[in-house]
Amino acid sequence: MALPLLRICNRPVSVLIRNFTSKSSLVNQSRRLAPAASAVSVVRRYSSEPEGHKRNQRVVVFGIPNPIIWFRNRIYFFLIRAYFDKEFSIEEFMEGAIQAFSHVSRLLSQCQFEALEGLVAKDLIKKLEGKCAHLPLSHQRALSAEPDDIMYMTAGDVGIYYDDSERKFVSILMRFWYLTSARFPDESVDGAKVFQVAIGEEKEKQTETKRLLTANYEFQREFTEGVTPDWIITRIEHSKLID
């Protein structure tokens, strides 16, 4: 039976993280993703450039931080650096997590389960395959989140523990809030916040409906000596879609 050493949670890549932390592909720095407990307001603005008439979007997200969780996680991040990986950076981890979440969610929405191997735990892939097979096409589409669709993210539960064989593990649960334009039958996604977004110039404004959905992805890495230092996703939940 696994013996927890240090564990915070209600529950709880570096191939995965290394593949997605390229400085050139990081999320636009003008959009801040600050730790917080919940997203309380989303403002989206479109404007047109003089040339090409391209629409630029600006998103402002306000959140209410939970100081207890924030402080508790900072202690665990310190312990990870002190006892497991001196070069660990939660900022770099979160940057990689954004790209990993976007890539994996896109594969899920396309039901490309074979492509998830090496990124997602094998037993979880089998469960996801069964759940996604019964989703309507509109729900499958809503699983996908591009980096620019992510309005807000935060580190949730963090765990440090040993198993019976004295193998060392670290898990970090990331929570994402993202917008989707996927269409659902009325009330089919209960609890999803709906936004009416105005697009275009004053004379030619159109309204687009966006829904704010949430997802939980847990990343786990084994820190036992001699083991390849790779993070892998061990838990995937898309609220109201895949629980």
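Visitor: How far does helix α3 (residues 90-109) reach from its first C-alpha to its last?
Guide: Helices (H or I, at least four residues) and strands (E, at least two) are DSSP runs, numbered from the N terminus. The expected span of a helix is 1.5 Å times one less than its number of residues. With 20 residues, α3 is expected to span 28 Å, and its reach is close to that, at 28 Å.

Visitor: Which pLDDT do side-chain atom pairs need in order to count?
Guide: Residues are numbered from 1 along each chain as its sequence is written, and side-chain values use heavy atoms, with hydrogens and water left out. The model is predicted, so totals for chains, interfaces and linings use all residues, local features need pLDDT of at least 70, and side-chain atom pairs count only at pLDDT 80 or more.

Visitor: How many residues of α3 are buried?
Guide: Buried means under 20% relative accessible area, exposed over 50%, and partly exposed in between (1.4 Å probe, protein chains only). α3 is mostly covered, and of its 20 residues the buried ones number 15.

Visitor: Is S102 buried or exposed, and which residues beyond four places in sequence does S102 contact?
Guide: S102 lies in α3 and is buried, because its relative accessible area is 1%. Contact means heavy atoms within 4.5 Å. Leaving aside neighbours within four places in sequence, the contacts of S102 are A145, E146 and P147.

Visitor: How far apart in space are I90 and A155, C-alpha to C-alpha?
Guide: I90 is found in α3 and is buried, with a relative accessible area of 5%. I90 and A155 are 65 residues apart in sequence, while their C-alpha atoms are separated by 9.0 Å.

Visitor: How many bridges join strand β4 (residues 150-162) to β5?
Guide: Two strands pair if DSSP finds at least two bridges between them. β5 (residues 168-180) is largely enclosed by the rest of the structure, because 11 of its 13 residues are buried. β4 and β5 run antiparallel, and the number of bridges joining them is 10.

Visitor: Which residue of β5 stands opposite M153, and what phi does E166 take?
Guide: Opposite M153, β5 places F176. The hairpin of β4 and β5 has five residues between the strands, and E166 there takes a positive phi near 65°.

Visitor: Is W70 buried or partly exposed?
Guide: W70 belongs to helix α2 (residues 67-83). Its relative accessible area is 42%, so W70 is partly exposed.
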